[in-house]
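Biologist: Please show me the model, and then I will ask how some of its labels were reached.

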Amino acid sequence: MSLFGCGTIGTEVARAFADGTINADLVRIYDRNAEKRQSVVDEFRAGDAPEPVDDFTDLFDGVDLVVEAAGQSAVDEVTVPSLESGCDVLLLSAGALAASELRQQVVRTAEREGQVVHVPSGAIAGLDAVKAAALTGDLETVSLTTTKNPAGLEGAPYLVENDIDLSALDSATTVFEGSATEAALAFPSNINVAMALSLAGIGPGGTTVRIVADPDESNNVHHIEATGGMGSIETTVRNVPSPTNPKTSYLAAVSAIEKLRTMGATVRVGT
Ligand SMILES: NC(=O)C1=CN([C@@H]2O[C@H](COP(=O)(O)OP(=O)(O)OC[C@H]3O[C@@H](n4cnc5c(N)ncnc54)[C@H](O)[C@@H]3O)[C@@H](O)[C@H]2O)C=CC1
Ligand SMILES: O=C([O-])CC(=O)C(=O)O
């Protein structure tokens with residue numbers, strides 16, 4: 001496998017290769033920041049380390065899967081070339097697929113090339129049930145309410161464009177309501193989970209998203225509600241943020257690791 005993105009999630013994923021949790025080889029790594037590449041190499045014993053490359057197109061040769069853990073712009077750059085080079089992809093920055101043109105291009109390319117696009121559950125719980133409910137054809141509503149400390153939302157384009165100053169908040173405040181499509185553009189680094197939920201359920205146009213900034217909340221909280229002919233589903237995850245990136249829940253990295261680990265497992269539990 002190869003890794004695109006050596007930040008918070010990429011480093012945790014690399015550690016899982018280094019300590020044998022994932023029973024496969026990490027062959028090459030890429031990040032636009034050379035220091036980040038080197039710090040991932042340093043996670044490995046000499047001789048076992050992946051090769052750091054400074055051009056992402058060098059990730060593909062002889063590799064079966066590329067893990068993207070960088071950002072929405074990276075999904076745009078790397079997904080189609082990976083698929084065309086015979087690699088499956090695992091996308092953490094799934095919100096990029098809110099752009100329907102890219103989503104269609106990715107799906108068409110994967111179909112044509114016979115490759116697979118993996119979107120892990122990431123920082124949320126319940127995609128197994130939502131997927132099964134969607135299969136019945138009568139899943140009616142799916143909503144996600146995400147509550148983060150202002151530190152986990154800072155810098156989002158929607159807040160900047162609308163002059164929303166989170167430092168002025170003294171209580172929980174809804175800062176955004178809209179579809180998952182709108183949320184992915186408004187909060188590209190905060191709400192990739194909404195796209196995973198959309199792809200599992202009723203699509204990004206029909207999935208509704210509410211984002212709450214709460215100065216008294218220290219966790220990244222994701223509450224899903226889904227209703228339909230099968231009954232109703234509710235899940236809440238209260239995630240501990242990653243120490244190196246408060247936007248990113250620690251569970252997101254572990255979810256990707258578990259996805260990669262079970263690709264080679266004999267017993268695979270869950271939908
Ligand atoms: N699906 C999910 O549940 C979750 C997804 N995410 C997403 O996963 C991605 C990674 O998250 P973190 O590791 O916390 O971010 P991070 O900011 O800690 O690390 C990202 C790394 O990617 C590199 N990078 C970014 N864009 C790049 C590009 N276009 N080309 C080359 N290198 C690039 C940066 O230099 C940095 O080292 C983000 O897009 C984040 O929004 C985060 C949390 C949950
Ligand atoms: O890690 C989280 O809690 C969710 C997140 O940032 C995302 O989906 O982009």
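**Salt bridges and burial**

Modeller: This predicted model holds 7 salt bridges.

Biologist: Why is the contact of Arg15 and Glu43 called a salt bridge?

Modeller: The cut-off is a side-chain nitrogen within 4 Å of a carboxyl oxygen. The N to O distance for Arg15 and Glu43 is 3.0 Å, so the pair counts as a salt bridge. Arg15 is in helix α1 and Glu43 in the loop between α2 and β3, 28 residues apart. Salt bridges with shared partners also join Glu12, Arg15 and Glu43 into one network.

Biologist: What makes Arg28 buried or exposed?

Modeller: Buried means under 20% relative accessible area. Arg28 has 12%, so Arg28 is buried. Its salt-bridge partner is Glu51, with the closest N and O atoms 3.5 Å apart. Glu51 lies in strand β3 and Arg28 in strand β2, so the pair ties together parts that are 23 residues apart in sequence.

Biologist: Why is Glu51 called partly exposed?

Modeller: Partly exposed covers the range between the buried limit of 20% and the exposed limit of 50%. Glu51 has 44% relative accessibility and therefore counts as partly exposed.

Biologist: Why does Arg112 count as exposed?

Modeller: Exposed means over 50%, and Arg112 is at 55% relative accessibility, so the label applies. Arg112 forms a salt bridge with Glu113 at 3.3 Å, N to O. Glu113 is partly exposed at 30%.

Biologist: How do you know that β7 and β10 pair?

Modeller: Pairing needs at least two bridges. β7 and β10 have 8, in the antiparallel sense, so they pair. Val142 stands opposite Ala226 in β10.

Technical notes. Residues are numbered from 1 along each chain as its sequence is written. Chains are lettered from A and ligands numbered from 1 in the order in which they are written. This is a predicted model: local features need pLDDT of at least 70, side-chain atom pairs count only at pLDDT 80 or more; totals for chains, interfaces and linings use all residues. Side-chain values use heavy atoms; hydrogens and water are left out. Helices (H or I, at least four residues) and strands (E, at least two) are DSSP runs, numbered from the N terminus. Buried means under 20% relative accessible area, exposed over 50%, partly exposed in between (1.4 Å probe, protein chains only).
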